[in-house]
Amino acid sequence: MLTTKRISFSFPVSITKVEFKNRKPHLRYDTDKKVWIGHRIDVRVGKKRYRNTFRTKGEAERFIDDLRARKLYRGAGLKYMARADVPLRELFRKRLEQLTNPKEIVRATRIFDLFEGSFEYPPAVTAVRSAHIQNYINERLATGVKPETVDREITIISSALRQAPVLFTDALEEFEPPRVPRPKYKKRKKKKRVITESEKDLIIKAILSDRLARENEIRTRNRQVTAWIFEIGWLLGFRFSEVLGLLKTDFNKKARSLRVMRWKTDTVSTLNYLPGRVMEIVIAASESSKSGKIFDLTCSEHTFTDMIGRACRANGITYGRAEMDGVTFHSTRHSFTSRLVQVTDIATAGEYTGHSSSEMVDYYSHPSEESKRLAMERLYGNGRATPLAEIYEKVRSGEMDLADFIAALK
């Protein structure tokens, strides 16, 4: 006769709301009561007693459910494997392996360590909630860190969480990253500085020709590459890191396409229908490059920006983020987006700029003197005696023949 062991998976449980006056960074802080609030469980499973304190009641209940499942599996003689039980530290380690820029690796390592330190015990990826991120924000702000800096740190943490389903396909295939809160702060005024085509040509000419009295060989050798990078930024709106990350294998000469890694959003864009000037620059830069990158910049970023700054000032163009209406390399991205939205819709523009939303495309696009002039010309004509709208109506109604039409356009 087959006998089965009766499995009991219920045990006495209590969840109590507790308050602490001393600092408990892994718990929620009540600004009114000025205490740290948590939820403590009191559970005995066999001979072992659990009295952990959690940030929310939901986390406490999930922990108890996990204990029940473990007991049930053990009673059935099975090994319990928690679903998607990937440690957060392992996710961060995998994320660091994806990064290639040494500065980004150092920065991300420091931020990941700080975020892990905000937990009482090493959590699993699936245990991370919006409340934990908000707690991290509060902790960083309390230590005097600027909200702008904290916002950038949250972006690095968020990008790692978004990569979880990619890095752990089996365990975290259905993982949904938590909503990411952001610190509130007054953002910088919207920069409206765009670089016109004539200014772009003047800057490039100065980069190539205006040399220092005693210029070292590295700076001289990198002038042409700097000019190419600046022009590509103006033509395609790439960020500086995106240009440096372009590999020769990303360029398809036959298809006239260029594949670019958007480091900020962890996405890949493929730009098709490249214009002739872009093709010329990419081909020339690839041929002169001695590495696998298209643009083999061997000088420091400081030297790169200094060459652009000197070229701007040589032509009477204000340079620098701190200056009112000052030009920076990132202004090339604003310039590209501003020109792009004048000739296409927001959705198409977003495909080329790689922005995360239409709001960001709008943020980067600014009216220029040329766009305002064209708008008035299209509406009222270019100082003509007969506006274009009136000419159109006369042609459509048959009041104006071909000779009159040509005369009206002159």
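This is a predicted model: local features need pLDDT of at least 70, side-chain atom pairs count only at pLDDT 80 or more; totals for chains, interfaces and linings use all residues.
Figure 1. E3 and strand E4 (residues 48–50) form an antiparallel pair over 3 bridges. The hairpin that connects E3 and E4 has 2 residues between the strands. In this hairpin, glycine 46 takes a positive phi near 65°.

**Figure 2. Strand E3 (residues 35–45) and its burial.** Of the 11 residues of E3, 8 are buried, and the strand is mostly covered. Strand E1 (residues 13–20) pairs with E3 in the antiparallel sense, over 8 bridges. Within the pairing with E3, glutamate 19 has isoleucine 37 as its bridge partner. Strand E5 (residues 53–54) is also antiparallel to E3, and 2 bridges connect them. Here the bridge partner of arginine 40 is threonine 53 in E5.

**Figure 3. The hairpin of E2 and E3.** Strand E2 (residues 28–30) and E3 are paired over 3 bridges, in the antiparallel sense. Arginine 28 stands opposite isoleucine 37 of E3. Isoleucine 37 is likewise the bridge partner of glutamate 19. Between the strands of this hairpin there are 4 residues, and lysine 34 takes a positive phi near 60°.

**Figure 4. An open sheet of 3 strands, in the order E6-E7-E8.** The pairing in this sheet is antiparallel. E6 and E8 are at the edges and each has a single partner strand, so one side of each is left without a neighbour in the sheet. Strand pairing of this kind goes through backbone hydrogen bonds and can be either parallel or antiparallel. Strand E6 (residues 251–252) is joined to strand E7 (residues 257–262) by 2 bridges. Between E7 and strand E8 (residues 267–271) there are 5 bridges.

**Figure 5. The hairpins of E6 with E7 and of E7 with E8.** Asparagine 252 stands opposite serine 257 in E7. The hairpin of E6 and E7 has 4 residues between the strands, and arginine 256 there takes a positive phi near 55°. The hairpin of E7 and E8 has 4 residues between the strands, and aspartate 266 takes a positive phi near 55°.

**Figure 6. The contact of helix H9 (residues 223–236) with helix H13 (residues 331–340).** The two axes come within 6 Å and cross at roughly 30°. H9 and H13 are therefore roughly parallel to each other, since angles under 35 degrees count as roughly parallel. On the H9 side, the contact is made by Phe230, Gly233, Trp234, Leu235 and Leu236. H13 contributes Thr332, Arg333, Ser335, Phe336 and Arg339. By class, the residues of the contact of H9 with H13 are 5 nonpolar, 3 polar and 2 charged.

**Figure 7. The aromatic pair of phenylalanine 240 and phenylalanine 304.** The structure holds 9 aromatic pairs. In the pair of phenylalanine 240 and phenylalanine 304, the ring centres are 4.7 Å apart and the planes stand at 35°, so the pair is tilted. The pair links distant parts of the chain, 64 residues apart. Phenylalanine 240 lies in helix H10 (residues 240–244), and phenylalanine 304 in helix H12 (residues 301–314). Both phenylalanine 240 and phenylalanine 304 are buried.

**Figure 8. The aromatic pair of phenylalanine 240 and phenylalanine 329.** This pair is edge-to-face, with 5.8 Å from centre to centre and 75° between the planes. The pair joins distant parts of the chain, with 89 residues separating phenylalanine 240 in helix H10 from phenylalanine 329 in the loop between H12 and H13. Phenylalanine 240 has a relative accessible area of 15% and is therefore buried, the cut-off being under 20%. Phenylalanine 329, at 9% relative accessibility, counts as buried by that cut-off.

**Figure 9. An aromatic cluster that includes Tyr136.** The cluster is formed by Phe92, Phe112, Phe115, Phe119 and Tyr136.

Methods
Residues are numbered from 1 along each chain as its sequence is written. Side-chain values use heavy atoms; hydrogens and water are left out. Axes are lines fitted to C-alpha atoms, for helices over the stretch in contact, and angles run from 0 to 180 degrees between N-to-C directions. Angles under 35 degrees count as roughly parallel, over 145 as roughly antiparallel, 65 to 115 as roughly perpendicular and the rest as oblique. Contact means heavy atoms within 4.5 Å. Ala, Val, Leu, Ile, Met, Phe, Trp, Tyr, Cys and Pro count as nonpolar, Asp, Glu, Lys and Arg as charged, and the others, Gly among them, as polar. Buried means under 20% relative accessible area, exposed over 50%, partly exposed in between (1.4 Å probe, protein chains only). Two strands pair if DSSP finds at least two bridges between them. Rings of Phe, Tyr and Trp (its six-membered ring) pair if their centres lie within 6.5 Å; planes under 30 degrees apart count as stacked, over 60 as edge-to-face and the rest as tilted.
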